[in-house]
Amino acid sequence: MRKSVLFFGFLLVFFGVALPGTQGKIIRRCDLVKILRKHGFEGFEGTTVADWVCLVQHESGYNTEAFHNNGASRDYGIFQINSQYWCDDGKTRGSKNACHIHCSKLQDNIEDSIRCAKKIAREAHGLSPWFGWRNHCKGRNLRSYVRGC
């Protein structure tokens with residue numbers, strides 16, 4: 001009996017510590033809504049917080065550590081910011097690095113991600129650079145993304 005209790009305790013500790021690290025840092029939807037509102041995303045470049053939350057869901061699944069290899073370039077962080085134009089990952093040839101940041105910072109600091117995402121939206125006058133937004137959010141009723149928050 002005692003060994004089974006110890007083993008069960010070990011499993012709880014293992015799953016409580018090991019699994020979150022494998023899943024990345026997932027931000028809850030309403031927490032993201034609060035963060036975006038705090039950082040002035042409502043009305044920014046004609047967008048709503050709901051636009052941004054929809055974008056994040058379809059780009060990264062709310063995962064701040066998200067990464068996608070596109071072949072010649074890579075996308076980083078919760079907004080999936082591309083290394084060809086916006087950040088430097090040391091691997092992408094001819095990177096413009098318009099946000100003047102190493103791509104890894106976009107995976108560990110949401111403040112850096114916010115600054116760069118706003119720069120992208122400012123230069124594009126909206127969210128058109130993001131395929132996730134264009135394919136899943138643009139022109140749709142997005143109220144459900146902020147409902148209850």
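Strand S2 (residues 74–76) pairs with S3 in the antiparallel sense over two bridges, pairing being assigned where DSSP finds at least two bridges between two strands. The model is predicted, so that local features need pLDDT of at least 70 and side-chain atom pairs count only at pLDDT 80 or more, whereas totals for chains, interfaces and linings use all residues. Residues are numbered from 1 along each chain as its sequence is written, and side-chain values use heavy atoms, with hydrogens and water left out.

Within this pairing, Asp-75 stands opposite Asn-82 in S3. The open sheet comprises three strands in the order S1-S2-S3, with antiparallel pairing. Its edge strands, each pairing on one side only, are S1 (67–69) and S3 (81–82). Helices (H or I, at least four residues) and strands (E, at least two) are DSSP runs, numbered from the N terminus.

Ser-60 belongs to helix H3 (residues 49–60). This residue counts as buried because its relative accessibility is 12%, the limits being under 20% relative accessible area for buried, over 50% for exposed and partly exposed in between (1.4 Å probe, protein chains only). When residues up to four places away in sequence are not counted, Ser-60 touches Ala-66, Gly-77, Ile-78 and Gln-80, contact meaning heavy atoms within 4.5 Å.

Asp-112 is located in helix H5 (residues 110–124) and is likewise buried, with a relative accessible area of 11%. Its side chain makes a polar contact with the side chain of Arg-115 (2.5 Å). A polar contact is a pair of N or O atoms within 3.5 Å; within protein, one must be able to donate a hydrogen and the other to accept it, and residues adjacent in sequence count only if both atoms are side-chain atoms. Neighbours within four places in sequence aside, Asp-112 is in contact with Ile-101, Lys-105 and Leu-106.
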